[in-house]
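Me: Please take a close look at a single part of this predicted model. Keep it brisk.

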Amino acid sequence: MSLKSRKIFVRGLKVEAAIGIYDHEHGRTQPLIIDAVITVGTHPIHGLKDTLNYELVGQFARDIIARGHIKLVESLAEDIATHLLELAIVRSVEVTINKPEALSDADQAGCTVVMER
């Protein structure tokens, strides 16, 4: 048997962000829900130093959000994915951002970006 892939995930990460292009979205925050699936190498893992600490997903998201108002969820998702891909262990990443208050008549609205090295 051989290991074909290793994926690390974070689902349902809740953050508040100043985000949106409309006037009514400025000057306030909105809830976002972030999911990330990160493919890493198949090398042996003996401890945390050999893998990706999934706490980094939240840290990267909060650091980007702290910079100020973000216009689009697509931009935030791409920024998070780019930061993750800067880590040597990461081969690909899929980041989904759900903006639950975006549409009053829909359960979910948002985007997914997929990036790989």
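How many residues does α1 have, and how far does α1 reach from its first C-alpha to its last?

Reply: The model is predicted, so local features need pLDDT of at least 70, side-chain atom pairs count only at pLDDT 80 or more, and totals for chains, interfaces and linings use all residues. Residues are numbered from 1 along each chain as its sequence is written, and side-chain values use heavy atoms, without hydrogens and water.

α1 has twelve residues. From first C-alpha to last, α1 reaches 17 Å, close to the 16 Å expected at 1.5 Å a residue (1.5 Å times one less than the number of residues). Helices are DSSP runs of H or I, at least four residues; strands are runs of E, at least two; both are numbered from the N terminus.

Now its two sides. Val57, Gly58, Phe60, Ala61, Ile64 and Ile65 are buried (under 20% relative accessible area; exposed is over 50%, partly exposed in between; 1.4 Å probe, protein chains only). Down the helix axis, the buried residues of α1 fall within an arc of 165°, so they line one face (directions from the axis to the C-beta atoms). On the other side, Glu55 and Ala66 are exposed. The cover over the buried residues includes β1, β2 and α2 (contact: heavy atoms within 4.5 Å). Just past α1, Gly68 has a positive phi of about 135°.

α1 (55–66) also supplies at least two residues of the largest nonpolar core, which has 31 residues (buried Ala, Val, Leu, Ile, Met, Phe, Trp, Tyr and Cys joined through side-chain atoms within 4.5 Å). The largest share, seven residues, comes from α2.
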